[in-house]
Amino acid sequence: MQTSILAKYGEARLPRYTSYPTAPRFSPAVDGEAYANWLGSLPSSDAVSLYLHIPFCRSMCWYCGCHTTITRQDEPILDYLSVLREEIRMVAARVPDRLPVREVHFGGGTPTIISPAEFLALTALMREHFAFSYMTGIAVEIDPRGLTAEMALALGAAGVSRASLGVQSFDPVVQKAINRIQSEKQTAEAADRLRGAGVGGINFDLIYGLPHQTVRSCIDTASAAVAMRPDRLAVFGYAHIPTFKKHQRLIDETALPDATARNEQARAIAETLVAAGYRQIGLDHFALPGDELARAQEAGRLRRNFQGYTTDNCDTLIGFGASAIGRMRKGYVQNETAPGLYARRIASGRVATAKGYSLTREDKVRAEIIERLMCDFSADIQAICQARDFDQSRLLADNSKLDELERDGIVEVENGVIRVAQDHRFVIRAVAAAFDAYIEQSNRTHSKAA
């Protein structure tokens, strides 16, 4: 049965549902003026989260789907940081008082490409304009190959509490095929440096579905990773989208595994991690039992945002930097993607918003259902609709996709509650898509399927 389900749903290009609606729905109709108004209407007592995008790397990993620029020189990075600091000041001037901050996430690119002194100055600037507390969590994405001892100490001094280390695969054949040579020793040393500097939470990112990857190499990579005992692991499927990411054309498509092989690889990694004592969190995360993410899942408090599964329950995410996406109570905004256009926006005295989306009441209902499905593999449609005074029949009646999923034994629908069968959780995105009113556009333009 699982084979037939994989054959039917396994090749579908579906969003990861880190937001709803997804980015293809964003448009210039929501502009900088709208964003400025949304910022000004934020309750001064509500905690917010911050995201800072550093779009630079020293070399290109051919599998990469991020908005990043390759530079060997420091000057473009320093110029960008100058603009980023100005954006922080500009946005802070438009919000009420010094908003309390619950979470900060540095993404990229490679955030640790900046110097230790620049990183400390950047976090100090945020503390100047926003209200941090001892409870504020700061997370940073890291390429272990370039992490120096000085940078690790700076991260600890800045109050960083969690670091996500890109691993992807330890198989040298796979590494050569994706232009990312990284030894187990480099990774272990980076993790040790971070822990020694006081960064308590260590995450690893793994990828399956890469060229020349096999079940055996996936198991070997997962086993090597757990020997370093990270607190969490995120396991993503490689999305081959050479039309959108031209550097992916350097990958040999004939060496890519098919849907069946990808599923076997994902399952092998999951089984290896669970056998090592990790708990599976949602679709693609794993955490040690005592980790906050595992506790949130047990308590039904698990959330999903642009960084994946999280314990962050803030309604507002303020994004800084080129391509950064922000989430407000009223909708989404995204900055200009190209660093040059982003810089010109800020230089003109305008916020960097290029496009966004204004949420409707129905969007908010669908978003909550999709999030619960992605986090819990179940959703109480009746309760969610009642809480928002929304007619559930608009979601359940004539829902041909949901009916088909039920006929295929993937879901069970009873008294307005949807539950996904244990054996078919690997197609949870297909279940979420049954509640996506814009899925046809997403299928045409969404590029983050895995």
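Tutor: One definition to start. The radius of gyration is taken over C-alpha atoms, and the globule rule is 2.2 Å times the number of residues to the power 0.38. Keep in mind that this is a predicted model.
Student: OK. What radius of gyration does the protein have, and what would a compact globule have?
Tutor: The protein has 21 Å. A compact globule with 450 residues would be near 22 Å, so the two agree.
Student: What box do the C-alpha atoms fill?
Tutor: Roughly 60 × 50 × 40 Å, along the principal axes.
Student: How many helices and strands?
Tutor: 17 helices and 19 strands.
Student: How does S4 run relative to S1, and how many bridges join them?
Tutor: S1, residues 48–54, runs parallel to S4, with 7 bridges joining them. Ile-54 stands opposite Gly-108 of S4.
Student: And how many bridges link S4 to S5?
Tutor: 4 bridges, and these strands run parallel too. S5 covers residues 137–142. Phe-106 has Val-140 in S5 as its bridge partner.
Student: Back to the whole protein. What share of the residues is buried?
Tutor: Buried residues make up 54% of the 450.
Student: Last one, charges. How far apart are the mean positions of the positive and negative ones?
Tutor: 3 Å, for 52 positive and 53 negative charges.

Methods
Residues are numbered from 1 along each chain as its sequence is written. This is a predicted model: local features need pLDDT of at least 70, side-chain atom pairs count only at pLDDT 80 or more; totals for chains, interfaces and linings use all residues. Side-chain values use heavy atoms; hydrogens and water are left out. Helices (H or I, at least four residues) and strands (E, at least two) are DSSP runs, numbered from the N terminus. Buried means under 20% relative accessible area, exposed over 50%, partly exposed in between (1.4 Å probe, protein chains only). Lys and Arg count as positive and Asp and Glu as negative; His and the chain ends are not counted. The place of a charge is taken as NZ of Lys, CZ of Arg, CG of Asp or CD of Glu. Two strands pair if DSSP finds at least two bridges between them.
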